[in-house]
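Me: I have a protein model open and would like to work through it step by step. Shall we begin?

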Amino acid sequence: MSVAVGEDDDVAFGRFLLTEGRIDADQARESYRLLCGYRVQHPQVNLAQVLAKHGMCDKETLRVAFQRFQAQKGNGGPPAAGPAPGSVQGDRFGFKTVELDPGPGPAPGRAPDAAGATPLVIGGAGWVETDTLVDRAGARPSAPPGFPAAVPFAPGFAPPSGSAFGPGPSPASGTGFAAPVRPTGPHGTHAGPPSHGSQPGSFGPRGTHAGPPSHGSQPGSFGPRGTHAGAASHGTQAGRAPFGPGATHRQPSASAPGASGGKVKLPGPLQLKPDDGADDEEDGDEHEDTNVQSTTIPRKKGARGRAQPAPAQKGPPAAVLAGAAAALVILVVAGLYVFLDRRSTSRARVAFLELAAASKDDPKAALEAVDTLPPKLLQDPEVKKEIDALRAAVAARDARAAAKAILAKLPEAPTLDARMALCTQAVEADPTFADAYVARARARYAVARRGALSGKAAPKPGALTIEAMSDLDQAISCDGRSALAHLAKGQLYLVQRGDPEARERAQSSLQNASTSDPEGPLGFLALGLIEAARLKLDEAIALFGKAIDRDPKLADAYLSRAEARLRKRDWANALNDASQAFRLDPTSAEALTLQAEARYRSSADPAGALADLDRATKIDPTHAAALALRSHVRLVRDRIGEVISGPDDQKAARDDAEAALRVDPEQPLAYLTLAEVCQAEGNTADALRYASRAVDKGRHLPLTFLTRGRLRARDADDQALADFEQVLEIEPNNVRALTMKGAILVARNELDNARNYLEQAITIDADLAEPYFQLGQCFLKQPRRELAKAIEQFTEAINRKPNFPDALFYRAATFCTMSRWEECLADLEKAEAQRKSGGFFREYDVWLIRGHCYYHMKDWANAKKWYEKYRSGTSVGAAALQQKVMPRLEELERRLAGQLKDDEPGADKGEDLDPLGGPGGRRRGN
């Protein structure tokens, strides 16, 4: 390697060790700090000795490294003026008061002085911070409060001639001083501050700085006990002095670095040892202990055998020394200021960067600290980058807070348009806020439903969700981990029941929501919706419960659990969940709709359900489920499910059903309502068509199959039995389905099988009249009729349903068969009066049985009257008319004409009509 011109060899060697990896930067700094302390008392100490002394590098490694250093040094630096310990003549290695820098060249701000030494500019790149300095007594002097102690200046530093520190003598002036500098000892270290009272170049006992002038030393002389008196200043003679007998020693100059040939053993903190007149013979051994070779002068023995002092050398003028001291003080103060300013700026920079890195949760607090930073620190690139990042973070937080504040006003929005406006404002306040897009997606879906409601035709599948889906996609692009956005997207797919791919897309979105919030409430809610779509209701209810446990204020979890419980016919718990959801969200039309359904199913309370549905449609007039359910609740039915509402209620129900289908063509209850209204109007064909649509849209609803099965049974369709079996597959204990299936089996004469279903229905609901009626039919259709048991079952049915025309008719027919004419006529009168409310028997069958009763009661006129009415109400060619009625009419004319007496037999010769066999024709079950 090459040494820059003017660079001290100690610095170059230290950098060489760093480059070679023999020491690290921390060891370099520590060895430098120790070296500064040692050189206060031992100027000849060098860097290698410090490293070896403190175990930072072994001696042999240092020796080999120094030889390599000399070999690589080349001609880049000045030649050494003296030998180094353990090295060849002219080589030295040491450490001056600059920080080791692996880069070549002298430290910035330094230039070689006139004598070749490299002075240190305070605050430059060569400045090295140390905790404190070691004074001559080995103690650490205290620094001013708040100021760290500074490193001493490099020896040999001299301000330029004619500077602000005052002119100084030229090196060629012949005064013996190159400039007002502090004399240096070996290796360029200080020989001792002038304030100690010594003259430049003088030394004290045992190689330390010379004491006060009372010791009698002169500049250039040697003190007592053979210690070195100091190096001669620049421009003086070479500094020769007599040594031991017959030998002389060339004194190294202050500017030319050199050292004695012996090793230096570094002591600990040294104490000044005053001259106590001890035997001078001990001096020869003391240098072996310290490994510091001292230069001695042969002493002339006086009366007491003491050596005579060397001739005093003339020192620099006092004024020059004072000026130099003042200059040094000013430079020290200036250096301290620069150092402390840089150190304060560095600490402020580090503290600010640490604060910025730790302020992710509160960037505003870190941004407030910018006002306290030094102005020049604001130009630091890294600091500027952090400030810009903090400002962006604060702006983003302010925008997010503004958007959240706007969304918080949604429950107070009086109309859908106001709600939509708030959502748009939230999106504009923070275009990166996923929740704002989710809220607007829901509002947009409601707006689309409102447009469909005002139209005349139902929209195409998925048409209402286009804009809402776009907002949800934007929310996911802003925050791909937003569980709320993925959940809302899955829910939107679930309402698209007309799209065959919607279910798979819904499952994918809901799975993403679960992944985004695996242990959170939205994650469990999403998993519950997946299970509910698979009709795994128990698993879904459990997952909804976990979501509620993690967030008891999550209204959607209560809504979803309420819907699952409705499917399980758990009316009471479904009502509780729906009510809790509405308490959490008073703007939820869905909560009121589910509450109305649970209330209607649990207690058949149409009035309370209608009140809830009216409130729901007021909150959201486009809520298709609320409209469909209200259309269904408006119709009043008997216990078996027959509509008994008046025309006005039927019209209102039809209007609600049609409105629901304009918004959502997938609402099964709306089709079911239309089917029942058409049935009540006698439009069986349209009723059956709407019932089939209801089944297609709501296969999970047993009521759709039940309604279609009842319509098919009326039309003697054999597929009715399949519909009832489907109902029983969904609800095994559905009493209506059990009764209807039993009735079909009765009509097929599968009486034993029919009786099993009917008895099961009575066990489940003993208050339902229809199973008793069908059991009565079973007893009448047996090969051996059990008329008494039939009368008993018909009577049970009538007791539970007084307005039951079919039960009255068949009991009347049974009474007629049992010749209980008066009871038969009474039941016939009631049955005929109630027939318009839904009886299945034909009216002319009543006329026939009534004529038969009057015939046996010998009331010939009334008998002839009802037989003639029967003949006029039936088609010519009927078997009963030809075989029985016409002969009896002829007989009655003869009796009324007096041609036959009352006790004479008639034309039939006592044979009678069977009102349970032929007169009624084929009997059809309910």
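**Working through the model**

Me: At 5% relative accessibility, does Phe841 count as buried or exposed?
Reply: This is a predicted model. Buried means under 20% relative accessible area. Phe841 has 5% relative accessibility, so Phe841 counts as buried.

Me: Which kind of aromatic pair do Phe809 and Phe841 form?
Reply: A pair of aromatic rings is described by the distance of the centres and the angle of the planes. For Phe809 and Phe841 the centres are 4.8 Å apart and the planes 5° apart. Planes under 30 degrees apart count as stacked. So the pair of Phe809 and Phe841 is stacked.

Me: How many residues apart in sequence are the parts that Phe809 and Phe841 tie together?
Reply: Phe809 lies in helix α30. Phe841 lies in the loop between α31 (821-834) and α32 (843-856). So their pair ties together parts that are apart in sequence by 32 residues.

Me: Is Phe809 buried or exposed?
Reply: The cut-off for buried is under 20%. Phe809 has 3% relative accessibility, so it counts as buried.

Me: Which kind of aromatic pair do Phe794 and Tyr810 form?
Reply: Their centres are 6.4 Å apart, and 35° lies between the planes. Planes under 30 degrees apart would be stacked, and over 60 edge-to-face.

Me: Which helices hold Phe794 and Tyr810?
Reply: Both residues are buried. Their pair ties together parts that are 16 residues apart in sequence. Phe794 lies in helix α29 (residues 787-800), and Tyr810 lies in helix α30 (residues 805-817).

Me: Which residues do ring pairs link into a cluster?
Reply: A search of the whole structure finds ten aromatic pairs. Ring pairs link one cluster of Phe773, Phe794, Phe804, Phe809, Tyr810 and Phe841.

Me: How do the axes of α10 and α21 cross: parallel, antiparallel, perpendicular or oblique?
Reply: Helix α10 spans residues 434-454, and helix α21 spans residues 647-663. Their axes come within 7 Å and cross at roughly 130°. Roughly perpendicular ends at 115 degrees, and roughly antiparallel needs over 145. The angle falls between these, so α10 is to α21 oblique.

Me: How many residues of the contact of α10 with α21 are charged?
Reply: From α10 come Arg449, Ala452 and Leu453, and from α21 come Ala659, Arg662 and Val663. Arg counts as charged, while Ala, Leu and Val count as nonpolar. The contact has four nonpolar residues and no polar ones, and the charged residues number two.

Me: Which residues does Arg708 touch, not counting residues up to four places away in sequence?
Reply: Arg708 lies in helix α24 (residues 702-714). Its relative accessible area is 12%, so Arg708 is buried. With that sequence limit, Arg708 touches Leu688, Ala691, Ser692, Val695 and Asp723.

Me: How far apart in space are Leu745 and Leu721, C-alpha to C-alpha?
Reply: Leu745 is found in helix α26 (residues 735-747). At 3% relative accessibility, Leu745 counts as buried. In sequence, Leu745 and Leu721 are 24 residues apart. In space, their C-alpha to C-alpha distance is 8.8 Å.

Me: What share of the residues in the chain is buried?
Reply: The chain has 34 helices and two strands. There are 926 residues in the chain, and the buried share is 49%.

Methods. Residues numbered from 1 in each chain as written. Predicted model: local features only at pLDDT ≥ 70, side-chain atom pairs only at ≥ 80, totals over all residues. Heavy atoms only, no water. Axes fitted to C-alpha atoms, helices over the stretch in contact; angles between N-to-C directions. Helix = DSSP H or I, 4+ residues; strand = E, 2+ residues; numbered from the N terminus. Parallel < 35°, antiparallel > 145°, perpendicular 65-115°, else oblique. Contact = heavy atoms within 4.5 Å. Phe/Tyr/Trp six-rings, centres within 6.5 Å; stacked < 30°, edge-to-face > 60°. Buried < 20%, exposed > 50% of the residue type's maximum accessible area, 1.4 Å probe, protein only.
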